[in-house]
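Please open the model in a viewer and keep the sequence panel at hand.

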Amino acid sequence: MSRKKAITGGLFVGLTAFSAFLIIAVIIILLVVIIIGGKDTFSWEFLTAFPEDGMMKGGIFPAIYGTALLVVIMSVAAVPFGTITAIYLTEYAHEKSILAQTIRFAVRTLATVPSIIFGLFGLGFFIKFVGSGMDDVFLGGQLKWGQPNILWASLTMALLTLPVVIVSVEEAIRTVPREMREASLALGATKWETIRRIVIPGSRSGIMTGTILAVSRGAGEVAPILFTGAAYYLATLPTSLSDQFMNLGYHIYIMATQSANVDQTLPIQFATTMVLLMLTFILNLTAVIIRSRLRRKAK
Amino acid sequence: MKEIKIKTKDLILYYGAKMALNSISLDIPEKEVTAFIGPSGCGKSTFLRTLNRMNDLIPNVKITGEVLVDGLNIYDKQIDVVNLRKKVGMVFQKSNPFTKSIFENVAYGPKINGINNRKKLEEIVETSLKKAFIWEEVKDRLHDSAMGLSGGQQQRMCIARALAVEPEIILMDEPASALDPISTAKIEELIFELKKHYTIVIVTHNMQQAARVSDLTAFFYLGELIEFGKTRKIFTTPDKKQTEEYITGRFG
Ligand SMILES: Nc1ncnc2c1ncn2[C@@H]1O[C@H](COP(=O)(O)OP(=O)(O)OP(=O)(O)O)[C@@H](O)[C@H]1O
Ligand SMILES: [Mg+2]
């Protein structure tokens with residue numbers, strides 16, 4: 001080997017190692033900075049108390065509660081809908097039918113739309129169109145649903161996370177062996193009975209993974225709820241679907257940009273970030289574990 | 001001569017543009033064991049699966065001709081496929097238990113048929129498992145996963161599962177090909193018992209097995225039915241040269 005080649009080869013190895021190291025370094029620095037910044041503020045009290053003193057002090061309980069409520073309502077909408085779509089795509093639609101291809105194209109597109117667009121769509125569709133429409137029809141024009149609230153925010157988020165659910169469930173459905181479907185059909189089960197009793201139970205872990213990934217995505221996104229329901233500060237917890245709510249990601253955003261004294265809220269920002277990161281990290285880890293079990297089972 | 005249970009007339013099957021069965025006409029008698037033999041890819045499974053319309057599930061399959069079960073053409077538009085499959089049960093080459101308990105596996109068919117009474121289900125499960133000679137081995141672990149059974153036990157449980165819907169015909173596609181000699185012997189013994197009450201059609205690659213368990217044998221080659229007759233005759237004095245060559249192992 002010529003010397004020149006040896007040098008280029010060596011350089012390349014060095015470059016790849018360096019970029020790999022860089023990524024790890026970024027993650028570590030990120031974590032260290034957040035933990036150092038937030039550790040003094042982070043406490044049981046911080047998790048369970050309301051904000052105080054114009055949010056300069058106190059806890060973030062309403063934001064945790066609002067985020068949890070958001071992802072629950074979102075899941076209730078996205079998981080069944082996504083599961084049904086996935087079942088349709090894998091079990092009923094012909095792979096090459098125009099409808100199936102259109103749905104697949106739509107799902108792929110949905111997955112690449114910037115999240116702020118979902119926020120605008122939610123504002124235009126759910127609040128201005130559906131919500132105001134409901135107010136006109138049922139409440140004689142009195143304003144109730146035609147404004148941001150947790151329902152519209154959750155549904156907007158559900159749209160954003162729908163592709164995640166669909167893809168996970170589809171993948172799981174495909175791991176249900178053909179032999180098992182045939183066994184069911186050969187026993188005189190109809191296609192629907194086979195789907196209900198064999199395919200769906202067999203895809204349970206995929207539905208779980210999809211749900212967890214969707215939840216972790218939904219818990220971290222801010223743009224979709226910006227105009228559709230998140231509130232700056234609320235003295236009470238949301239009790240109805242037409243209430244607004246506080247949210248972890250949005251809380252970080254406003255603390256960093258809107259608060260009276262940004263520097264003073266820095267520890268709270270760090271601690272809130274810590275909570276949000278932990279939450280999404282745990283959710284993602286769970287999803288990864290379930291999914292790898294599922295893949296092993298498929299082999 | 002026994003009654004004819006299944007009769008096919010000029011049955012032709014295409015996978016897309018490829019012909020897999022060329023004009024098969026065959027009479028399968030009631031309560032006897034009919035074996036299908038022939039080299040790999042000759043269409044045995046395909047033919048077997050036309051008898052309970054399992055080929056309906058495969059896209060681009062074209063079928064012409066008739067399959068009469070008890071005198072009714074099962075490819076007739078008025079035929080309810082679900083009812084047909086209850087009457088014509090099937091056991092597959094690879095045992096395919098559901099990832100459920102043994103009990104739930106066997107009770108699956110009856111439940112589909114709307115039997116929900118626990119006592120009744122328990123009764124059906126027990127008699128089915130007894131008929132498949134596996135009751136003694138599993139009676140203490142009915143609620144354990146069927147996946148924990150050995151291959152041979154799984155296959156007998158699958159037979160019990162097929163019996164639980166009270167079929168009249170049982171189609172078996174190489175039911176023992178993945179099993180050890182002892183499990184195979186058990187399955188063969190079972191087939192011998194079952195033919196008292198059921199019409200059995202079995203695909204096998206094992207010549208000795210065909211000779212041992214069947215009353216009639218059909219030899220297929222390249223999608224055609226070459227010869228069909230009493231097993232004893234096929235194995236001793238076949239009419240066709242191809243049959244003789246295959247049976248004596250000179251090709252295939
Ligand atoms: N789903 C399918 N699509 C297209 N061709 C198929 C399909 N299934 C089977 N064939 C073809 O039809 C022919 C008959 O196949 P079949 O499985 O019936 O053979 P076989 O006699 O059961 O073989 P083996 O003994 O290997 O099980 C083969 O040439 C096979 O390649
Ligand atoms: Mg075969």
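**A guided tour of sheet and rings**

Begin by selecting B:Phe220, which counts as buried because its relative accessibility is 0%, under the 20% limit for that class. Please bear in mind throughout that this is a predicted model.

Display both rings: B:Phe36 and B:Phe220 form an edge-to-face aromatic pair, with 5.2 Å from centre to centre and 65° between the planes. B:Phe36 belongs to strand β3 of chain B and B:Phe220 to strand β9 (residues 216-221) of chain B, so the pair ties together parts that lie 184 residues apart in sequence.

Now switch to a cartoon view of chain B and follow the sheet. Six strands make up an open sheet of mixed pairing, in the order β6-β7-β8-β3-β9-β10 (chain B). Its edge strands, each pairing on one side only, are β6 (88-91) and β10 (224-230) of chain B. On average, neighbouring strands of this sheet are turned by 15° against each other, direction ignored.

Within the sheet, select residues 33-37 and 199-203 of chain B. These are strands β3 and β8 of chain B, which pair in the parallel sense over four bridges. Which residue in β8(B) is the bridge partner of B:Phe36? The partner is B:Val203.

While still in chain B, select B:Lys195 and B:Phe192. The charged end of B:Lys195 sits over the ring of B:Phe192, at 5.0 Å from the ring centre.

Move to chain A and select A:Lys191 with A:Tyr92. Here the charged end of A:Lys191 sits over the ring of A:Tyr92, at 4.9 Å from the ring centre.

The next stop is a group of rings. Select A:Phe121, A:Phe125, A:Phe126, A:Phe129, A:Trp145 and A:Trp152, which form one aromatic cluster.

Over all chains, the count of aromatic pairs comes to 13. For a further pair, select A:Phe61 and A:Tyr65: their ring centres are 6.0 Å apart and their planes stand at 40°, so the pair is tilted. Both residues, A:Phe61 and A:Tyr65, lie in helix α3 (residues 61-92) of chain A, four residues apart, which is about one turn of the helix.

Finally, display the surface around these two residues.

Definitions and conventions
Residues numbered from 1 in each chain as written. Chains lettered and ligands numbered in written order. Predicted model: local features only at pLDDT ≥ 70, side-chain atom pairs only at ≥ 80, totals over all residues. Heavy atoms only, no water. Pairing = 2+ DSSP bridges. Helix = DSSP H or I, 4+ residues; strand = E, 2+ residues; numbered from the N terminus. Axes fitted to C-alpha atoms, helices over the stretch in contact; angles between N-to-C directions. Phe/Tyr/Trp six-rings, centres within 6.5 Å; stacked < 30°, edge-to-face > 60°. Buried < 20%, exposed > 50% of the residue type's maximum accessible area, 1.4 Å probe, protein only. Lys NZ or Arg CZ within 6 Å of the ring centre and 35° of its normal.
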